[in-house]
Amino acid sequence: MRLAVRRGGRLLRPAGFARRVSSAAEPQGERGFFSVLRRGPRSRAELWGLCLGCSVFPLSVALLNWYDRQKEEAPPPELAPDFHSTQSVAMAPKQQLGGPFRLRDSRTGAYVTDQELFQNHWTLLYFGFSKCAEVCPSTLQFITELMRACDAKLTDSTAAEVAKLQAVFLSIDSFRDTPEVLEKYIAKYDPRLRALCGTAGEVRQAANAWRVYYSSVEETDEEREAREAKGIPEVYLDDTYQFDHSCAIYLVGPDGKMKDFFFKEMGLEDAVSRLEVHFADIYGFKDTR
């Protein structure tokens, strides 16, 4: 096929031949944007592409400069009043459960303090009331079985500590639980179990010290005044009312400080194992709590 014809002294070429030859002659490494930049745009599309490509770099530089200026001019974040300086923050020590109280012993009817009660004894302390329908009886039975299981697993290293083991049932029912009622109630459990009772204020002081929750049937002054203002007579409490209360068993060491706590749901075997750890003082709990 003839690509060119000479006519009248002029060399005629087919349409598009010059463009194809020119494109084929371009170096392989200079195609695209740089090729158009070197030889100049030959169409409107190449012109727009060249303008767009030339504007990307300065726009990127301008955007980065603007972002840096915004970071420098931005005010520092405001801190809370208590955290302007980490050096001014004081860490409060962990608050120890327990505290002073003075309650009546069911055996003697005399008042006993927490120091007299806990001194030189390992104590399983439990808060409840004698009219409890289910939780308190089952928990006291668990405490009895736990103490007897410790007796059965006596060793030379733990015998002296197990001999110091006792249990205390602290009643939250200041209305019905008298020393006589409590002494009769605990008679069916281990003889090392003691019971304590007191007035509403004395019981509340002990419960607050050990972070024990219980719902009281007492009226506050505001509730009493509101009831009297409405002419409503005092509510009569029969012998069937119940308390809602927490049911943790606290282990108190001979130094009067809490060492551990249990729940009857954890099982007898696990509870005995944890008591053995404290009796042997494997982790030095006597000095750390």
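This dialogue walks through a few features of a predicted model.

User: What should I know about the numbering and the model before reading it?

Analyst: Residues are numbered from 1 along each chain as its sequence is written. The model is predicted, with local features needing pLDDT of at least 70 and side-chain atom pairs counting only at pLDDT 80 or more, while totals for chains, interfaces and linings use all residues, and side-chain values use heavy atoms, with hydrogens and water left out.

User: How many helices and strands does the protein have?

Analyst: Helices (H or I, at least four residues) and strands (E, at least two) are DSSP runs, numbered from the N terminus. Here the protein has eleven helices and nine strands.

User: Is Asp 190 buried or exposed, and where does Asp 190 lie?

Analyst: Buried means under 20% relative accessible area, exposed over 50%, and partly exposed in between, with a 1.4 Å probe and protein chains only. Asp 190 is buried, with a relative accessible area of 4%, and its place is the loop between helix H7 (179-185) and strand E7 (193-197).

User: What is the phi of Arg 211, and where is Arg 211 found?

Analyst: Arg 211, a residue other than glycine, has a positive phi near 55°, and it sits in the loop between helix H8 (200-209) and helix H9 (221-229). Arg 211 counts as partly exposed, at 44% relative accessibility.
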